[in-house]
Amino acid sequence: MTATQLVFDPFSEEFFTDPYPTYRRMREEAPVYYSDEYDFYALTRHEDVAAAFKDYETYSSARGIELSMIKKGGVPPESKSMIFMDPPEHRRMRSLVNKVFTPRAITALKDTVTELIEYHLARVDTSQFDVVADFSALFPVEVISTVLGVPAEHRQQIRHWVDASLHREPGQIELDETNWEAVHQSGAFYYNLIQERRKQPQDDMISGLIAAQVERDGGGTTRLDDIEITGFATLLGGAGAETVTKLVGNAIVQFARNPDQWQKLLDDRSKVPAAVEEVLRFEAPTQYNVRYSLKDAHLHGVTIPAGNAVFLLGGSANRDPDAFTDADQFNIDRDRTEAQNLGFGYGVHSCLGAALARLESAIALERLLDLMPRYEVLWDGCKRVSMTNVAGWSNVPVRVLP
Ligand code: HEM
């Protein structure tokens, strides 16, 4: 009997539906996986992925963090933002926004986040609604665009652009015309907003970035230009809109499959933050980030030569039984000190918005516990997104049970 060939295809239907059996085989059979079809390497074991996230001198972000960009030879100048930079440039850019996202600064946003969440939940049909389409898709973009300073009437539009720019059909690697159109429209929108804020600054992040000074390579300091500020806004708007949406949808699916865990939350609300961490570990909204190898890397008897795309599969690392006991079990009470949860990445690029994401997700779960202590997912209506490196659902209809 011949074993089935091990194929990891990040653009396949199978990947979007259930990548975990493939991850298991990759960790066991090919910890340094090579894809003949697309010509990339992939790391799946927790210790390898964590080490690679930290080693930016070997695994660079500067050529992009998805395959198509790396294959094209880099990030187009108009799309440049700190997620596509290595230190020291990355550190200088990140320090401009770090203080807006400290846990203390985020705590100050708690009332705004709560209001937005309550506003949207007050509008759902409380007997049956779609947790993602009617709720979790709507509020995160409003939170982050409030921070940026996007006027209220344009906030949902940002989400439609982000969705359209990330959408991929199975097998589609390159951005198509619809993807590009969304990228350009949102870029033009931010560019115009920056011009307005230059004339009339307000108490928002775009005005803050206009006023900021950044150190340059040569040693001097200058202000950011329009393209750089547009890059920040696009990155934050995108990262802030998509991922929490997915986390909340993934949570409601996992709790439906594990009702005893939902009951634990109903019994003890202090477990909500731990539940958020477990969803992030078990079914991370960001399954992978891609890097470009700047030098040869040797591991498990294989050499990844310099000049290659390398997938860092955090989604697999978080299910590695060598890192987590009963890794394939969804357990909100698990010992969180066993290993680093890689759901927010790790190292210099680890998620800037982690504190905000935790706050939003925890409040959303709290309110959903109030609204639907007992619920069932209407599985036939569930639909997964097919997006580049974002995993989750676009539709999770639920019926609230008496
Ligand atoms: C559950 C929600 C979220 C998840 C799972 C998530 C995940 C991640 C991951 C895995 C990375 C690392 C990327 C890399 O190494 O290449 C990252 C970076 C980043 N995230 Fe998040 N994120 C979430 C929410 C947010 C939110 C709400 C914001 C909004 C502020 C945000 C902003 C960013 C930014 C700006 C970066 C780039 C940081 C850098 O390059 O230094 N994220 N995120």
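Is the crossing of α11 and α13 right-handed or left-handed?

Author: The model is a predicted one. In it, α11 and α13 cross in a right-handed manner. Helix α11 covers residues 177-199 and helix α13 covers residues 226-257; they pack at an angle of about 120 degrees, and their axes are 9 Å apart. Since angles of 65 to 115 degrees count as roughly perpendicular and those over 145 as roughly antiparallel, this value makes α11 oblique to α13.

The residues that make the contact can be named. From α11 come Ser186, Gly187, Tyr190, Tyr191, Ile194, Gln195 and Arg198, while α13 supplies Asp226, Ile229, Thr230, Ala233, Thr234 and Gly237. Sorted by class, the contact of α11 with α13 holds five nonpolar, six polar and two charged residues.

Helix α15 is formed by residues 272-282, and its axis comes within 9 Å of that of α17, with a crossing of roughly 115 degrees. The two helices, α15 and α17, are therefore roughly perpendicular to each other. The crossing in which α15 passes α17 is right-handed. On the side of α15 the contact is made by Val272, Ala275, Val276 and Glu277; on the side of α17 it is made by Arg358, Ser361, Ala362, Leu365, Glu366 and Leu369. Six of these residues in the contact of α15 with α17 are nonpolar, one is polar and three are charged.

Helix α17 also packs with α7, which comprises residues 110-121; the axes come within 10 Å and cross at roughly 40 degrees. This angle makes α7 oblique to α17. Here, too, the crossing is right-handed. The α7 residues in the contact are Lys110, Val113, Thr114, Ile117, Glu118 and Leu121, and those of α17 are Leu356, Leu359, Glu360, Ile363, Ala364, Arg367, Leu368 and Leu371. The classes in the contact of α7 with α17 are nine nonpolar, one polar and four charged residues.

The loop between α16 (314-317) and α17 (354-371) is the place of Cys351. The SG atom of Cys351 is the single donor that the protein gives to the iron atom of the ligand, at 2.3 Å.

Phe8 belongs to the segment before α1 (13-17) and Tyr23 to helix α2 (residues 20-29), so the pair ties together parts that lie 15 residues apart in sequence.

Two details of the backbone complete the account. Most residues other than glycine have a negative phi, and most peptide bonds are trans. The peptide bond from Pro87 to Pro88, however, is cis, with omega near 5 degrees. Pro88 is situated in the loop between α4 (67-72) and α5 (89-98). His300 has a phi near 50 degrees, which is a positive value in a residue other than glycine. The position of His300 is in the loop between β8 (297-299) and β9 (302-304).

Terms used: Residues are numbered from 1 along each chain as its sequence is written. This is a predicted model: local features need pLDDT of at least 70, side-chain atom pairs count only at pLDDT 80 or more; totals for chains, interfaces and linings use all residues. Side-chain values use heavy atoms; hydrogens and water are left out. Donors are N, O and S atoms within 2.8 Å of the metal (3.2 Å for Na, K and Ca); water is not among the atoms, so sites may look incomplete. Helices (H or I, at least four residues) and strands (E, at least two) are DSSP runs, numbered from the N terminus. Axes are lines fitted to C-alpha atoms, for helices over the stretch in contact, and angles run from 0 to 180 degrees between N-to-C directions. Angles under 35 degrees count as roughly parallel, over 145 as roughly antiparallel, 65 to 115 as roughly perpendicular and the rest as oblique. A crossing is left-handed if the near helix is turned anticlockwise from the far one by less than a right angle, and right-handed if clockwise. Contact means heavy atoms within 4.5 Å. Ala, Val, Leu, Ile, Met, Phe, Trp, Tyr, Cys and Pro count as nonpolar, Asp, Glu, Lys and Arg as charged, and the others, Gly among them, as polar.
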